[in-house]
Amino acid sequence: MSEVIVVGAGPTGLLLAGDLAEAGVAVTVLERRDGTVSNLSRAFGVHARTLEQLDARGLADRLVAMGAVLRRVRLFERVEVDLGELPSRFPFLLITPQYNVERLLLERALAAGVEIVYGAEVHGLVQDGAGVRVSAGAGEYRASYVVGCDGYHSVVRQALGLPFPGKSVLKSIMLGDVRVAEPPGGLLTVNGVGDAFAFIAPFGDGYYRVFAWDRRHVVADDAPLALEELREVTRRALGSDLGMGEPRWLSRFHSDERQVPRYRVGRVFVAGDAAHVHSPAGGQGMNTGLQDAANLGWKLAAVLRGAPQELLDTYHGERYPVGRSVLRSSGALIRAAMIESAAGRAVRGFAARGALSIPRLREKVAGQLSGIGYHYPAGHGAPEGAGTRAADIALAGGSRLYEALRERRFVLLADPAHIRKSGSISDTDLISDAGLAGWRDQVKVAAPAGPGGPLTLIRPDGYIAWTGTDTTGLHQVLTTLVGSAGSHAM
């Protein structure tokens, strides 16, 4: 019997499965598709925080080599967001199709020993106090926990009886991957003129991804789409069709804003599009799902190895507010693009330029768009900084924090001077001196390259769990997040 069943082999499910397998958890992925990674996908952008998470899995540099780097995003007329100021190793938006992300995550999951069952469409599930039974294809599977990463039409969500409240915001959005004769200056460009909007971004392989919408012509998702229609709407929205031609993909879809009220029901969880969907504005859909997976994976692994069950409740507590924020910000952007009157559009541009001229607001917008600016609630009595994203600092010996996180363990940043006053000191010595021998398999100790501050415990997903100088407080936090010393039987 698997310890965890993941339903869905898209990016969210594959990242989660890979994390679990690398943590020693037996995991099975059930996927209704036949195993072919499609080269046609709606997601096209990978933001800085997602790249940091992929860096913590040794995948970011390979992915960056497959795409185009954009350091500025143009929103409406002359309004631009500068991502080059982000405090990250990845101060940009990476434009690369979803299938590149999916291929890297699939390769990693298989190397870690994940079992993927293709052609296994889930029909339903039943849970009890001991586990979950899943009916899929012609078989039945059982596990301690199940995670539904099976998209907008999630069977897992439906089997739980969870509502998916919200509404359709836009219908008949046109989507095309095309070549252009007049590239738009290397920027991701978005604009709306009341009865039409469009945005366009380069893939880096000669093709551009175009989204367009025409208020005058709303048809069913399966209605045929001709290149000339995409050209005409893009001309109205952007002032030029950029010499668009040679489409490799044309399609229509509709955009919903929905979020499930609970991300966990007993032993079953939902993540990614099964939990939240929103407009494509800002390109945050796949990114938010990958962040869900990064949050949930280490918690499931910890509970399966002895951590308190209550740790699993923090998945909803931390990720639901982020999903809600992304839904609101992407919705605000798409509604701004849909303003009909010329006067309204003028006010839109004036207000946006004014807001982005204020450094603090500019930093907030870039932080939300990139994911860098999100943090988790610290909880009552938590030390200052708990729940915030950990910066990728340099470590003694020439490595970086996010390289240390590749071991899928907690990382304790410890200046040896805080524990021992003199003499050379090894990782083993630090663990012993900090009283961490019982957590040796779950905690890696690393020394910052620069002057050390207080002891800082970094979670496997790259967020600060605790800071302080009293190792008694450290032990209490580890007991909450990992279990009592020596309780992890691998």
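Which residues does Arg71 touch, not counting residues up to four places away in sequence? Hold that thought, everyone, while I cover the ground rules.

This is a predicted model, in which local features need pLDDT of at least 70 and side-chain atom pairs count only at pLDDT 80 or more, while totals for chains, interfaces and linings use all residues. Residues are numbered from 1 along each chain as its sequence is written, and side-chain values use heavy atoms, with hydrogens and water left out.

Back to Arg71, then. Its partners are Val81, Asp82, Leu83, Gly84, Pro91 and Phe92, where contact means heavy atoms within 4.5 Å. Arg71 sits in the loop between strand E4 (68-70) and strand E5 (72-75). Helices (H or I, at least four residues) and strands (E, at least two) are DSSP runs, numbered from the N terminus. Val81 is 10 residues away along the chain, and the two C-alpha atoms are 8.5 Å apart. Buried or exposed? Arg71 counts as partly exposed because its relative accessibility is 43%; buried means under 20% relative accessible area, exposed over 50%, and partly exposed in between, with a 1.4 Å probe and protein chains only.

Now please look at helix H2 (residues 48-55). Here 8 of the 8 residues are buried, so H2 is largely enclosed by the rest of the structure. Among them are Arg49, Glu52 and Asp55.

Next, a helix pair. The axes of H1 (residues 11-22) and H7 (residues 285-304) come within 8 Å and cross at roughly 25°. Axes are lines fitted to C-alpha atoms, for helices over the stretch in contact, and angles run from 0 to 180 degrees between N-to-C directions. That makes H1 roughly parallel to H7, a term for angles under 35 degrees. From H1, residues including Leu15, Leu16 and Leu20 meet an H7 set that includes Leu290, Ala293 and Leu300. By class, this contact has 11 nonpolar, 3 polar and 1 charged residues. Ala, Val, Leu, Ile, Met, Phe, Trp, Tyr, Cys and Pro count as nonpolar, Asp, Glu, Lys and Arg as charged, and the others, Gly among them, as polar.

Last stop: an open sheet of 4 strands, ordered E21-E20-E22-E23, with mixed pairing. Two strands pair if DSSP finds at least two bridges between them. At the edges are E21 (443-446) and E23 (464-468), each pairing on one side only. E22 (residues 455-458) and E23 run antiparallel, joined by 4 bridges, and Leu457 stands opposite Trp466 in E23. Helix H14 (residues 471-481) lies across E20, E21, E22 and E23, at about 165° to E23.

Methods: Parallel < 35°, antiparallel > 145°, perpendicular 65-115°, else oblique.
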